[in-house]
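Open the model in your viewer and keep the sequence panel beside it. We will go from the whole chain down to single residues.

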Amino acid sequence: MAQSFGQLIRQARKDKGYSQRDLAKLIELDFTYLSKLENDRADYAPKEDVIRSLARNLDLDEEELIFLAGRIPQRDEDFLKKNYQAMPALFRRMQENPDFANKVFREATQPENGEK
């Protein structure tokens with residue numbers, strides 16, 4: 001089963017040997033909010049800059065962590081807004097047709113020609 005945002009950052013923090021207070025101080029965040037994040041009890045997802053700071057300090061992928069927090073990276077948000085009319089149909093089709101969704105995900109994660 002996939003980890004939640006809180007579970008992932010808690011495990012990464014422990015793997016790095018940080019206490020909650022150490023990590024909170026490092027990223028200039030109130031440790032009580034970090035505790036709520038780790039326990040998936042925060043009332044709101046952290047801002048993108050906080051997530052990116054968490055990712056950098058915990059050696060996690062910034063973009064993946066932003067999506068896992070339920071946010072959309074700013075540059076992706078701009079793309080979605082630019083293509084707002086097609087997005088509902090795309091998401092609906094992906095939800096209704098797992099084979100189509102898997103094909104899209106496979107194509108999106110394959111390296112481009114010449115990339116490794």
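This is a predicted model: local features need pLDDT of at least 70, side-chain atom pairs count only at pLDDT 80 or more; totals for chains, interfaces and linings use all residues.

Residues are numbered from 1 along each chain as its sequence is written, and side-chain values use heavy atoms, with hydrogens and water left out.

**Stop 1: the whole chain**

Show the protein chain as a cartoon. How many helices and strands does the protein chain have? It has eight helices and zero strands. Helices (H or I, at least four residues) and strands (E, at least two) are DSSP runs, numbered from the N terminus. Now turn the view. The C-alpha trace spans about 45 × 35 × 30 Å along its principal axes. The radius of gyration is 17 Å, well over the 13 Å that the globule rule gives for 116 residues, so the chain is more spread out than a compact globule. That radius is taken over C-alpha atoms, and the rule is 2.2 Å times the number of residues to the power 0.38. Of the 116 residues, 26% count as buried. Buried means under 20% relative accessible area, exposed over 50%, and partly exposed in between (1.4 Å probe, protein chains only).

**Stop 2: the core**

Next, look inside. The largest nonpolar core has 18 residues. Such a core is a set of buried Ala, Val, Leu, Ile, Met, Phe, Trp, Tyr and Cys residues joined through side-chain atoms within 4.5 Å. Select Phe5, Ile9, Leu29, Leu34, Leu54 and Leu65, which have the most contacts inside this core. Helices 1, 2 (20–26), 3 (31–38), 4 and 5 (62–68) each give two or more residues to it. Helix 4 gives the most, with five residues.

**Stop 3: Phe5**

Keep Phe5 selected. Leaving out residues up to four places away in sequence, Phe5 touches Leu37, Asp40, Pro46, Ile51, Leu54, Leu65, Leu68 and Ala69. Contact means heavy atoms within 4.5 Å.

**Stop 4: helix 1 against helix 4**

Select residues 5–16 for helix 1 and 48–58 for helix 4. The two pack at an angle of about 35 degrees, with their axes 10 Å apart. From helix 1, the contact uses Phe5, Ile9, Ala12, Arg13 and Lys16. Helix 4 answers with Ile51, Leu54, Asn57 and Leu58. Axes are lines fitted to C-alpha atoms, for helices over the stretch in contact, and angles run from 0 to 180 degrees between N-to-C directions.

**Stop 5: helix 3**

The axes of helix 1 and helix 3 come within 7 Å and cross at roughly 115 degrees. Here Phe5, Gly6, Gln7, Ile9, Arg10 and Arg13 of helix 1 meet Leu34, Leu37 and Glu38 of helix 3. Which residues of helix 3 are buried? They are Tyr33, Leu34, Ser35, Leu37 and Glu38. Their cover includes helix 1, helix 2 and helix 4.

**Stop 6: two loop residues**

Most residues other than glycine have a negative phi. Select Glu28, in the loop between helix 2 and helix 3. Its phi is positive, about 55 degrees, although Glu28 is not a glycine. Is Glu28 buried or exposed? Glu28 is exposed, with a relative accessible area of 75%. Then move to Asp40, in the loop between helix 3 and helix 4. Asp40 also has a positive phi of about 55 degrees. At 43% relative accessibility, Asp40 counts as partly exposed.
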